[in-house]
Amino acid sequence: MDFDDCIKFANTTPVCYLATVDGDQPRVRALGFWFADKKGFNFQIGAAKDMHGQLQANPKVEVCFFQPGEQSGSMMRVAGEIEFIDDILLKKQVLEDRPFLKEFGMTFDHPDLVIFRIAKGEAYFWTMETNFEPKKMIKFGD
């Protein structure tokens, strides 16, 4: 398994579970996943969400991508630090990919449209068959 496998797994998993820290309290929530590529795992959120403030205070996150299947399915966990992305082309792309955002008044220059990426970190895959094996970490980013 390598980072290309991570990209493929993430891009075929429309919902993931992202954990942040709020003070000393972990917070996890389901999140519609946008896309992964060689640059990392890309997400879009609204600035008004509590998650945005949590990410600003502590950029360390962990994400779980889960695909159901036989014997408990399979999972990929990704840990790293996020970076906020202020890229007009990406903001225009997210509005094309997620047209429902326009219904909330979002435009590419709206301050509430937030894009972030996990560009550096590590990932590993889990299945019931590999449950007791040592984790095979896949490092990515610089």
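This is a predicted model: local features need pLDDT of at least 70, side-chain atom pairs count only at pLDDT 80 or more; totals for chains, interfaces and linings use all residues.

Residues are numbered from 1 along each chain as its sequence is written, and side-chain values use heavy atoms, with hydrogens and water left out.

**Strand pairing**

Select residues 15–22 and 25–32, which are strand 1 and strand 2. Helices (H or I, at least four residues) and strands (E, at least two) are DSSP runs, numbered from the N terminus. Strands 1 and 2 pair in the antiparallel sense over 8 bridges; two strands are said to pair if DSSP finds at least two bridges between them. Within this pairing, centre on Tyr17, whose bridge partner in strand 2 is Ala30. Next, move to the hairpin of these strands, where 2 residues lie between them and Gly23 takes a positive phi near 70 degrees.

**Salt bridges**

The whole structure holds 8 salt bridges, a salt bridge being a side-chain nitrogen of Lys or Arg within 4 Å of a carboxyl oxygen of Asp or Glu.

Because Arg77 lies in strand 6 (residues 74–85) and Glu62 in strand 5 (residues 60–67), the pair ties together parts that are 15 residues apart in sequence. Arg77 is partly exposed at 30% relative accessibility, and Glu62 is partly exposed at 31%. The classes are buried, under 20% relative accessible area; exposed, over 50%; and partly exposed, in between (1.4 Å probe, protein chains only).

Now select Lys38 and Asp4, whose side chains meet in a salt bridge (2.5 Å, N to O). This pair links distant parts of the chain, 34 residues apart: Lys38 is in the loop between strand 3 (35–37) and strand 4 (40–46), and Asp4 is in helix 1 (residues 3–11). Lys38 is exposed, with a relative accessible area of 61%, whereas Asp4 is partly exposed at 41%.

Finally, select Lys102 and Glu96, a salt bridge with its closest N and O atoms 3.6 Å apart. Lys102 counts as partly exposed at 43% relative accessibility, while Glu96 is exposed, with a relative accessible area of 56%.
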